[in-house]
Amino acid sequence: MTSPVPDTITVDADRLWRSLMDLAEIGAYDDERTGLRGVNRLALTDADAAGRRQVIAWMEEAGLAVRVDRMGNIYGRREGTDPTAAPVLTGSHIDSVVTAGAFDGCLGGIEVVRTLHEHGIVTRRPIEVGVFTEEEGVRFGTDMLGSAVAAGRLTLDYAHALTDRDGRTLGDELARTGFDGPTDVRLDPPCAYVECHIEQGPVLAENGVGIGVVTGVQGISWQEITVHGRAAHAGTTPTQLRADAGLAAAEIIVRLRAMVDSGEYGELRATVGHLTVHPDLTNIVPARAELTVDLRNPDDAAMARAEEDLAAFLSELEDARPGLALTTRRMAGTPHVPFDETVQKVIAGAADDHGLAHISLLSGAGHDAQEIAALCPTAMIFVRGEYDGISHNPREYSTPETCARGVDVLATTLLRLAGQD
Ligand code: HGY
Ligand code: MN
């Protein structure tokens with residue numbers, strides 16, 4: 001017995017929260033720095049695989065037909081009355097950084113289909129829930145990896161060959177965890193894609209609202225820099241005879257901050273999140289330094305200038321310091337991606353009809369939505385984060401009420417899109 005499709009729908013807040021907390025226990029660890037339970041579910045580790053199995057079990061309980069593709073992307077499909085219609089897709093990721101909170105990526109899609117299922121609501125279009133592989137990019141070095149392959153920006157072979165710091169390939173880890181699925185990775189274009197995600201920043205809280213209608217994602221540039229110098233005795237080697245790779249790495253970090261502070265690159269943000277020196281011993285001048293540079297910028301031209309000027313600085317450094325050689329390797333790079341205005345309007349209308357205040361904002365973080373936007377009209381819903389919106393940290397937090405209201409907006413948005421021609 002099916003029920004008429006309502007104009008708005010609310011989800012089961014307690015069940016949503018229980019699932020969020022249950023998933024957060026998979027890969028949980030006791031974080032010494034914060035004294036909190038953090039989450040460590042690096043892509044295609046045993047913890048991630050356990051999280052995947054849990055999500056698949058929830059999908060099947062909610063009556064979804066589940067498929068896994070050759071990138072390990074998982075899709076749960078709920079049929080509509082018109083099986084030939086392109087589905088409305090929602091989703092995100094469940095892989096995490098190594099010091100994550102409970103909310104990054106895990107919000108909502110399954111709770112929406114559970115709610116439709118229990119109310120006997122059947123939409124015209126099918127609805128699919130996607131879980132994309134290696135969104136964070138911190139194990140295999142390229143972010144939004146599974147969704148980028150699904151959307152055709154990156155090839156399956158490229159992705160399968162990527163290695164982690166221990167030299168394991170993504171292809172091998174898919175096979176080891178049993179998520180080297182049989183279905184083709186290229187995703188047939190959905191009719192629309194809507195992702196609900198915690199903001200991971202302070203903007204919604206600063207504006208006193210719980211819901212964000214996301215207008216797009218800023219540009220991202222990741223590169224690895226290796227500085228080759230010369231190991232030498234820390235006591236006997238005069239300064240002028242040194243080729244100190246550690247010093248050069250420090251000069252790069254200071255230069256990046258000067259570029260940001262100069263204001264010449266718009267709203268550039270720069271982060272050196274990974275830095276190692278070799279042989280990493282007290283009394284040896286570093287022979288080698290490896291660092292990653294993460295640049296973010298909403299303005300593609302300003303991003304390009306920043307990349308060019310950083311490259312110029314690296315070659316100046318090499319010229320100025322005898323015995324130093326620098327190499328760089330591009331890890332990831334995506335432009336500013338604007339989201340679809342019509343889908344944004346549907347989200348804003350759903351938030352209005354739920355009586356929820358909202359603002360529009362650009363995403364500072366990368367998301368799978370920026371990749372799926374290449375296939376179909378796409379936009380995102382943000383839910384407010386607490387504690388200045390801290391994320392990639394066990395302190396990441398959003399309240400049960402805020403999460404539920406965000407997933408209400410997702411549910412109503414998906415309903416409306418799934419009813420459209
Ligand atoms: O790095 C990012 O922007 C996202 O958290 N993957
Ligand atoms: Mn995320």
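**Exercise 1. Say which elements cover the buried residues of helix H1, and describe the helix.**

Solution. The cover of the buried residues of H1 includes strand E1 (28-31), strand E2 (36-39), helix H2 (46-61), helix H3 (109-118) and helix H12 (400-419). Contact here means heavy atoms within 4.5 Å. Helices (H or I, at least four residues) and strands (E, at least two) are DSSP runs numbered from the N terminus.

The model is predicted: local features need pLDDT of at least 70, side-chain atom pairs count only at pLDDT 80 or more, and totals for chains, interfaces and linings use all residues. Residues are numbered from 1 along each chain as its sequence is written, chains are lettered from A and ligands numbered from 1 in the order in which they are written, and side-chain values use heavy atoms, with hydrogens and water left out.

Next, the buried residues themselves: in H1 they are Arg15, Leu16, Trp17, Ser19, Leu20, Leu23 and Ala24. Buried means under 20% relative accessible area, exposed over 50%, and partly exposed in between (1.4 Å probe, protein chains only). An α-helix has 3.6 residues a turn, so residues three or four places apart point the same way.

Then the length: H1 spans residues 13-24, twelve in number, and its first and last C-alpha are 16 Å apart, close to the expected 16 Å. The expected span is 1.5 Å times one less than the number of residues.

Last, the start of H1: a side-chain oxygen of Asp12 comes to within 3.1 Å of the backbone nitrogen of Asp14.

**Exercise 2. Report the largest cavity and its lining.**

Solution. The whole structure holds one cavity of 30 Å³ or more. The largest cavity has a volume of about 260 Å³. On a 1 Å grid over the protein atoms alone, a cavity is a set of points where a 1.4 Å probe fits but cannot get out; lining residues have an atom within 4 Å of a point. Points are joined across faces, edges and corners, and a volume is the space filled by probe spheres set on them.

It is lined by 25 residues, and Cys106, Leu107, Gly108, Gly109 and Ile110 are the closest to its centre. H1, H2, E5, H3 and strand E6 (127-131) each give two or more residues to the lining.

**Exercise 3. Locate His354 and list its contacts.**

Solution. His354 is in the loop between helix H10 (341-353) and strand E17 (358-363). Its relative accessible area is 18%, so His354 counts as buried. Apart from neighbours within four places in sequence, His354 is in contact with Thr8, Ile9, Thr10, Asp408, Val409 and Thr412. Its side chain reaches the backbone oxygen of Ile9 at 3.5 Å.

Methods: A polar contact is a pair of N or O atoms within 3.5 Å; within protein, one must be able to donate a hydrogen and the other to accept it, and residues adjacent in sequence count only if both atoms are side-chain atoms. On a 1 Å grid over the protein atoms alone, a cavity is a set of points where a 1.4 Å probe fits but cannot get out, and a pocket is an open set with protein on both sides within 12 Å along at least five of seven lines; lining residues have an atom within 4 Å of a point.
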